[in-house]
Amino acid sequence: MNFSEVFKLSSLLCKFSPDGKYLASCVQYRLVVRDASTLQICQLYTCLDQIQHIEWSADSLFILCALYKRGLVQVWSLEQPEWHCKIDEGSAGLVASCWSPDGRHILNTTEFHLRITVWSLCTKSVSYIKYPKACQQGITFTRDGRYLALAERRDCKDYVSILVCSDWQLLRHFDTDTQDLAGIEWAPNGCVLAAWDSCLEYKILLYALDGRLLSAFCAYERSLGIKSVAWSPSSQFLAVGSYDGKVRILNHVTWKMITEFGHPATINNPKIVVYKEAEKSPPLVLGRLAFPPPRAAAGPLSSMESEYAEACRRQSQPQDRHRGTGLQSRQLLPGDEECVPSAVWIWDIQKLRLLAVLEQLSAVRCFQWDPRQARLAICTGGSKVYLWSPAGCVSVQVPGEGGLQVLSVCWHLSGDSLAVLSKDRFCLCFLETEQGVGTAFGQAGDHT
């Protein structure tokens, strides 16, 4: 495992291109595009103000920079560096910006969610979509890029509109049986749309492409409900994380619950591997006493050495859990608890059982699956990156002057490298390719 040199960064804005060839990062108002393998600078662009959001087009030919404070979007081309585009929303303001799946249209959401403006880079035409709802996840595209589903709020009632992305014409429009629609998301196969209510009411609805209600699911009533929702890549399962600390898995045939994952306070099953991060005491040197660092200088495990210790049983207080849902190429179902979230739970979906638990010394800030194999990267805001695979766990010290406080991670498409991000710096971690470590959930459905 090797690390690159450390580069400057602003606002954790660092993303690999979809084709894996480039790495874009921001330093205030500058956009730096590097070769992902050599880290040599390919292009350097200067925006009109500090960049607050970046996003690659699906074909990796363009990259947009959103300047929300100014209500501007600037678009840059990698093939033609002299070409650029500026979109000004004017007095309407700007709160969100994203690409359409074809990489030739940009969708801008104005302040107060008054409308969504669709700008075409090819024809310079403009389309408007009215009544977008300000919610957790109000816009979602099918994976093939053919359809857009939009959450709407009209006359104090929730609706969903399905539009055709080729011409932005309305295909279907229907109301949802929700009190306060919180989010929508297409299944990866584009056949089913999930819509869920706010946390005040436990309700998740499944709609077909033509707007028919396929099923509705409610686990309980009169308590805080759904916290997060995620599809499996195969579209066969839907995971629903709830405020009662449980994750419920629905199947795609009957849309009924097939299992329920909890977070037990005590684990007695010897088949479940529990990894507990333990503080590693530094060796004592004759004539020196190991005093703890001053409180002002001590960060979250910034300089403390630690290692994983394997335990056969785990006992924890109910508040020391990391819950929710977040299914990606291999399924992991962690999330946030009101108290300190310091544990990651990993389930085997094929066997419908808990596989492993990782208990960290600090709260988990970010985790992400390797896109190629069953390998999970975790960070806790300290100077280490933690890697889990079915073969075991390891903690890796990230080099850097003053200690790199890792707040986020981002995998390369190949899974051979990992971008490690702190508040104002980043570096790349190059990993050795391992064969036979595991298969992705989307291919074999093995982990959650």
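1. Two strands pair if DSSP finds at least two bridges between them. The structure discussed here is a predicted model. In it, β33 and strand β34 (residues 353–359) are antiparallel partners joined over six bridges. One of the residues involved is W347, whose bridge partner in β34 is L354.

2. The hairpin that β33 and β34 form has four residues between the strands. Within this hairpin, L352 takes a positive phi near 55 degrees.

3. How enclosed is strand β33 (residues 343–348)? Six of its six residues are buried, so the strand is largely enclosed by the rest of the structure. In a regular strand, side chains alternate between the two faces of the sheet. Both faces of β33 are covered. A343, W345 and W347 lie on one side, V344, I346 and D348 lie on the other, and all are buried.

4. Elsewhere, an open sheet of four strands runs in the order β19-β20-β21-β22, with antiparallel pairing. β19 (181–186) and β22 (213–217) stand at the edges; each has a single partner strand, so one side of each is left without a neighbour in the sheet. On average, and ignoring direction, neighbouring strands of this sheet are turned by 20 degrees against each other.

5. The pairing of β21 with β22 is antiparallel and extends over four bridges. Y207 has L213 of β22 as its bridge partner.

6. Which residues touch the most other members of the largest nonpolar core? Of its 17 residues, they are I204, L206, I226, V229, W231, L238 and V240. At least two residues of this core come from each of β20 (192–197), β21 (204–208), β23 (226–231) and β24 (237–242). A second, separate core has 16 residues, among them L13, L67, L72 and L78.

7. On the surface, L200, L224 and Y243 form a nonpolar patch, and together they have about 310 Å² of accessible area. Y243 sits in the loop between β24 and β25 (247–251). With a relative accessibility of 33%, Y243 counts as partly exposed, because that class lies between the buried limit of under 20% and the exposed limit of over 50%.

8. A further loop residue is Q405, found between β38 (392–397) and β39 (408–411). Its relative accessible area is 23%, so Q405 is partly exposed. Q405 and K423 are 18 residues apart in sequence, while their C-alpha atoms are 7.4 Å apart in space.

Terms used:
Residues are numbered from 1 along each chain as its sequence is written. This is a predicted model: local features need pLDDT of at least 70, side-chain atom pairs count only at pLDDT 80 or more; totals for chains, interfaces and linings use all residues. Side-chain values use heavy atoms; hydrogens and water are left out. Buried means under 20% relative accessible area, exposed over 50%, partly exposed in between (1.4 Å probe, protein chains only). A nonpolar core is a set of buried Ala, Val, Leu, Ile, Met, Phe, Trp, Tyr and Cys residues joined through side-chain atoms within 4.5 Å. Patches are made of residues with over 30% relative accessible area and no salt bridge: like charges are joined within 9 Å, nonpolar side chains (Val, Leu, Ile, Met, Phe, Trp, Tyr) within 5 Å. Accessible areas come from the Shrake-Rupley method with a 1.4 Å probe; for residues, only the protein chains shown count as cover. A salt bridge is a side-chain nitrogen of Lys or Arg within 4 Å of a carboxyl oxygen of Asp or Glu. Axes are lines fitted to C-alpha atoms, for helices over the stretch in contact, and angles run from 0 to 180 degrees between N-to-C directions.
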